[in-house]
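Biologist: Thanks for sitting down with me. Could you walk me through this model, one question at a time?

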Amino acid sequence: MTQKEALDLLKMGKNIYLTGQAGSGKTYLLNKYIKFLKGHRVPVAITASTGIAATHLNGNTIHSWSGIGIKSEISASDLGKIARNSQKREKIRDAKVLIIDEISMLHGNRLNLVNKVCKYIRKSSRPFGGLQVILCGDFFQLPPIQEHGDTTINFAYKSDAWKELEPNICYLDEQHRQLDDSFLRLLNEIRSQEVTEYTFEKLQTRLNKSVSDEFVPTKLYTHNLDVDKINQAELAKIDTPSSIFKMVTKGKKELIETLKKGCLAPEELELKIGASVMFIKNNPSKGYINGTVGKVIKFSEQGHPIIRTFDGREVTASPVSWPFEEGEKVIAEIGQIPLRLAWAITVHKSQGMSLDAAQIDLSKSFAYGMGYVALSRVKSLEGIKLLGINQNALLVNSEVAILDIQIMKSSIEISNQLKLMGEARVEEEKNKFLIKLLSDKGDYEDDMFLGFNE
């Protein structure tokens, strides 16, 4: 499915599972739809399964937004407590659209709890209380953490909430990260469980091969080594003066802490000329995206670092903000230079990034999808320096591989149905849904909450 077709379906009000290979533009499309909704002042809940993923969309974790927190079960008492929290209650009942990004990392039981909370707060038996729901992600990527009692990986698509929602499948097939056909073939072989000699031969060509004489590529670790210590140790080797950039904060303390936890920007960023750095925010108009790597070459008159990127461009890293928004209002915000030291990062934290180059050690891979995530972060095979690989590195979950075939077929069918509708009918449906969004004030009554103490 093309991005245009998927956007048409979103604007028609369909519940959607938005998926596709790494680099197919899922987050880009979400941001486009979010911009459309905000442009019409439609309340949209922007969430993700992890804090890092949420910051890519200026959103919040689904756990925090829904009030479920770390709970694995929700009692009647818990529902009442969430309902008594006026801020949570109003956010959930006033929203018209719910977006959950990086759905692969959300446990199926958590999606059931979100469904339960939305129904209760919105006084509706419809899936998620009648919200338009957009689930986004790729189940070939990192899975949810298994909970006590799980015998298999409890993906979100196995949940009762998913089955009840019956989302339309939008499987994006355009590629906006990898433009190298041979590298795309390699990644597709891993996804389809059809790893051949070609796959290993291609990877062998990158074993201990340098990618740049000037840049040290970012090291991707499968295990959560202390990457901050590695980065600080490398920085200490540079014998030039330091420049310190402190994070600026504004708003409610608990929301600020949530933003800090989900953001890759450090509270105190120490930089030196010669430091290896990575941009951690998308701003194509300024010349960088999340994952652009480079080296600090000097500082501007304002004291901002100037970065020579991997492809030779010079980009000034000016301070930016990560806001926490409710409707059109920013209620908390953190500001920092959009950089982090880039000698090392975990595979987990790299999810969602587009890297020019990476030094990858897959010799200790232990989870399905880990090799695929690490390799697919990089734009080309020539940008990879492979340090090692084990038998687990190229494995993907066999259930997910079967699911992928099914949902791809479903997406093709939906795409064909959309074509048969014709442009005029599609536009008519889009206009009808927008009118509904703008006119529907909801039928919620605060009487439901009488007896609860604020």
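Modeller: Happy to; we will talk about a pocket, a strand and one leucine in this predicted model.

Biologist: Which element gives the largest share of the lining of the largest pocket?

Modeller: That pocket has a volume of about 1200 Å³, and 41 residues line it. The elements giving two or more residues to the lining are α3, β3, α4, α12 and α13. Five residues make up the largest share, and they come from α12.

Biologist: And how many residues of that lining are charged?

Modeller: Nearest the pocket's centre lie S49, T50, M105, I145 and H348. Taking the whole lining, 17 residues are nonpolar and 19 are polar. The charged ones number five.

Biologist: Let's move to strand β10. Which residue of β10 stands opposite I244?

Modeller: Strand β8 (residues 243-246) runs antiparallel to β10, and four bridges join them. The β10 residue opposite I244 is E270.

Biologist: Now for L29 in helix α2. Why does L29 count as buried?

Modeller: Helix α2 covers residues 26-39, with L29 among them. Beyond its neighbours within four places in sequence, L29 is in contact with Q3, A6, L7, L10, L18 and L172. Buried means under 20% relative accessible area. L29 counts as buried because its relative accessibility is 1%.

Biologist: How many Å separate the C-alpha atoms of L29 and N283?

Modeller: Along the chain, L29 and N283 are 254 residues apart.

Conventions
Residues numbered from 1 in each chain as written. Predicted model: local features only at pLDDT ≥ 70, side-chain atom pairs only at ≥ 80, totals over all residues. Heavy atoms only, no water. 1 Å grid on protein atoms, 1.4 Å probe; cavity = no way out; pocket = protein on both sides within 12 Å on 5 of 7 lines; lining within 4 Å. Points joined across faces, edges and corners; volume = space filled by probe spheres on them. Nonpolar A, V, L, I, M, F, W, Y, C, P; charged D, E, K, R; others polar. Pairing = 2+ DSSP bridges. Buried < 20%, exposed > 50% of the residue type's maximum accessible area, 1.4 Å probe, protein only. Contact = heavy atoms within 4.5 Å.
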